[in-house]
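Subject: Structure for your review

Dear colleague,

Please find the structure below, followed by an account of what was found in it. I would be grateful if you would read the two side by side.

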Amino acid sequence: MINKKSLQWIAWVLILPVLLIRGFTTIYPILKTVINSFYDIRILSGVHEFAGVSNYLNIFKDQKVITTLEFTGVFVVVSMFFHIILGVGLALILNMKFKGRRFLRTIVLIPWAMPAVVIGMAGKWAFNNDYGLINDLVRRFVPGFELHWLINTGTARAAVIALDLWKDLPFFAILILSGLQFISSDIYEAAKVDGANAVKSFFYITLPLIMRNVLTLCIPFTLWRLTGFDLVYSMTSGGPGEDTSLIAYRITMEAFTNLNVGYAAALAVLLFLVMAVFSWFNMRFMNRFED
Amino acid sequence: MKKKLVSILLSAALTGSLLAGCGGADNTAAPAEGGTEAQSDGGAAEDAAAGEGAADDAAAESGSKDGAYDLTLYTINSTDEDFPDWLANVEGATGLKINVIAAPTDSDTRQQKITTILSTGDANVDILEINDEMSASFKNSGWLEGLNDTVMTEDIRGEFPQGYVADMITDKNGQIIGVPGYSGYLAFWVNQQILDEAGITSMDTKEDFVKYLEAASGDGRYGYGGSWEKTYVFNEIAQFVNMFGGDYLDWTNPANREAMEFIHEMVEKGYTPIDQIADKYEQMNPKFNDGKYGSLFMWGLGTDYDKAGMLGADKIHMAMVPQFSDQKYIFTDSWSYVLNTASQNKEAAVKFLQYMASEEGMKASYEAFDRYPARRDVAEKVVPDTDPAKEMYSRYANECVVKGRPMLPQTMEFISAMGTIFQSYVKDEMTLDEFCTKAQEYVETYNQ
């Protein structure tokens, strides 16, 4: 009789390749990034020396990073707020029965399927005062309308957030829609018999039943916003000044353009911690919600 | 038991195939490691020469392995319609088979990719084209091979623009690290139709320029246009500082302040639009073609204007830079071909570079890409007198103080930081004093 425990080594052998690959591609880079964050590594200046926590302290003195953190916060909060509100709204529309529903569900995903860099480049032109389609459209209703979207902090930030929503909102809505489709129509019919109108049905039936779905989706969508880089990179290059710079964009600039590897690593570690803390809170909130 | 046996066999096969897959990378990893070693040895000629023997062996080995290419070129010109003809010309003349990798068209992406290739000792690319910003950053890094003894030899060295070679592509050991692919000026361009309309016949002085700005601006049109995106505006700030006789690397200089006040005034008076702070060249040039701008500073020979049918003596053309101070000032630039220190194909690479530095190579580039030859003697021979650039380029060379752009080792960081505060200044978010103080701080920070 073979002892099952004595065969456990086989299981370890079987998962060893995955462990090795994971260790090499995930654990090692994370450890290396943490180590680098304690060094002053400036490749162009040939500097590579231990710096303790000075990279971390510099983050909070660096105006570029402070502006970046500020916009990253605004971007994540505003974008996620509208993702939830408009996403649920769009999902409700897509869940209605009307002619061409299937067609609409298909074409609504087109922006999401396009590469963010392409959308960013198109966005740069779309928001151009002279040649852009946004102002061209507005001018059809408000002749003489002039707005240089990408030169003022507020409007440039609004443009970036709007483009982000335009791209990713449909995907969020489609995923909410999948949750909506699990709600039995019997419940709505029963509520209708009891005198509930559409608004009440939404708040007392639909919303509670899709809430878990929404909260689950909020985790990856928020993390994607936190690591968002390509849209800003191709649309505004973080400008005007650093006003539309996102943290992932700043990390890329520090790491690959300025070659300040140590500083970039400290920023990356900070982002990693923020993401980890956010995910932990979100999971806890979900568990409480379930309870 | 049978099931278990089959499972173990299948798993072993899977593991074996995975490991075999990993092992396959060994052959390609070896040259890369060699490359890293060569790079850490520095760019000194003797080290490079010592590395060449090994490199040749490796090249021969790789040649016999795939037999495909003698060297790999990382180029910005591959999207040009004449590129295939140019490549055929180079391959025919050198006998080399060249593998071409297209560099990204976006400047940030391109710089990041090239930086990554060079800094990691990637031996897959032998020759790269780099601009002044990259030259300033990389020339003392040891990533680029010195070419004094092989390509930029004494007999031809003197024919290249001397100030440019010394300032931009010579490293701290006196080694020239690149072959300038062309000679370019940050030329002053005007729209003749607007000049005629404004009744301006000459623009020799600052007063003439201001008169033109006044006359040309209004009704959605501006006397001067630019691309003031934070990484592009550097050229124009430096150009105006130069014209006022200032020094871009000394912001205590009163002439710098004067230049900045002048730019600010242009915005205030509506001679130039503030919305161009979002513009790169691809936004600026269509506006110039559409007659929204009366003048601007721009590199190149006007290909974008030509494509729009706007290039010509009666439309958009180059003009002499107005004189704002004691002399006329102009910047020159180039993209240089450089040899990656980690290259395993140095012999072939040197052959390629020798051709690019020769009369035939420069002629081929001029004919294919409209690149004005960097060598003075070649330009004299190759460029026909009918080429409108020839006259103006020769006037620039003779009448202006020609300078390389002021760059610091941390080039892109410096350029971006200066662009950011410039945008704040022209948007009145910062005073002139604050701008100058900050600019001086940046000069000191990034000059380390």
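A nonpolar core is a set of buried Ala, Val, Leu, Ile, Met, Phe, Trp, Tyr and Cys residues joined through C-beta atoms within 7 Å. With that term in hand, the largest such core here has 155 residues, and Ile127(B), Leu353(B) and Met418(B) touch the most other members. Helix 19 of chain B provides the largest share of this core, nine residues. Domain 1 and domain 2 of chain B each contribute at least three residues to this core. Leaving aside residues up to four places away in sequence, Met418(B) touches Phe234(B), Ile237(B), Ala439(B) and Tyr442(B). There is also a second, separate core of 11 residues, which includes Ala91(A), Phe172(A), Leu177(A) and Phe221(A).

Please bear in mind that this is a predicted model. Its scores are ipTM 0.81 and pTM 0.79. For chain B the mean pLDDT is 85, and 85% of the residues reach 70 or more. Residues 14-66 of chain B have a pLDDT below 50, although this stretch has 54 contacts in the model beyond near neighbours in sequence.

Chain B as a whole comes next. Chain B contains 20 helices and 11 strands, and 46% of its 448 residues count as buried. Among the contacts in chain B with a separation of 6 or more, 78% are between residues 24 or more positions apart.

How is chain B divided into domains? The domain assignment gives domain 1 as 33-182 + 334-374 and domain 2 as 185-333 + 390-446. The centres of these two domains of chain B, taken over C-alpha atoms, are separated by 31 Å. Where the domains meet, 14 residues of domain 1 of chain B are in contact with 16 residues of domain 2 of chain B. On the domain 1 side, helix 5 (107-119), helix 6 (132-138) and helix 8 (162-168) of chain B each supply at least two residues. By class, that side has five nonpolar, five polar and four charged residues.

Chain B also has an open sheet of three strands in the order 5-9-11, with mixed pairing. Its edge strands, each pairing on one side only, are strand 5 (184-185) and strand 11 (401-404) of chain B. Strand 9 (residues 329-333) and strand 11 of chain B run parallel and are joined by four bridges. Thr332(B) stands opposite Gly404(B) in strand 11 of chain B.

The two chains also touch each other. Which residues make up this contact? The contact takes 29 residues from chain B and 21 residues from chain A. On the chain B side, two or more residues come from each of helix 1 (2-23), helix 5, helix 13 (281-289) and helix 19 (411-426) of chain B. Helix 5 of chain B gives the most, with six residues. The chain B side divides into seven nonpolar, 16 polar and six charged residues.

Finally, one residue of chain A deserves a look. Trp112(A) lies in helix 5 (residues 110-113) of chain A. Not counting residues up to four places away in sequence, Trp112(A) touches Lys167(A), Asp168(A), Pro170(A) and Phe171(A). The C-alpha atoms of Trp112(A) and Trp166(A) are separated by 8.1 Å, with the two residues 54 apart along the chain.

Note on methods. Residues numbered from 1 in each chain as written. Chains lettered and ligands numbered in written order. Predicted model: local features only at pLDDT ≥ 70, side-chain atom pairs only at ≥ 80, totals over all residues. Domains from an automatic or database assignment. Contact = placed C-beta atoms within 7 Å. Nonpolar A, V, L, I, M, F, W, Y, C, P; charged D, E, K, R; others polar. Pairing = 2+ DSSP bridges. Buried ≥ 20, exposed ≤ 12 C-beta atoms within 10 Å, placed from the backbone. pLDDT = per-residue confidence, 0-100.
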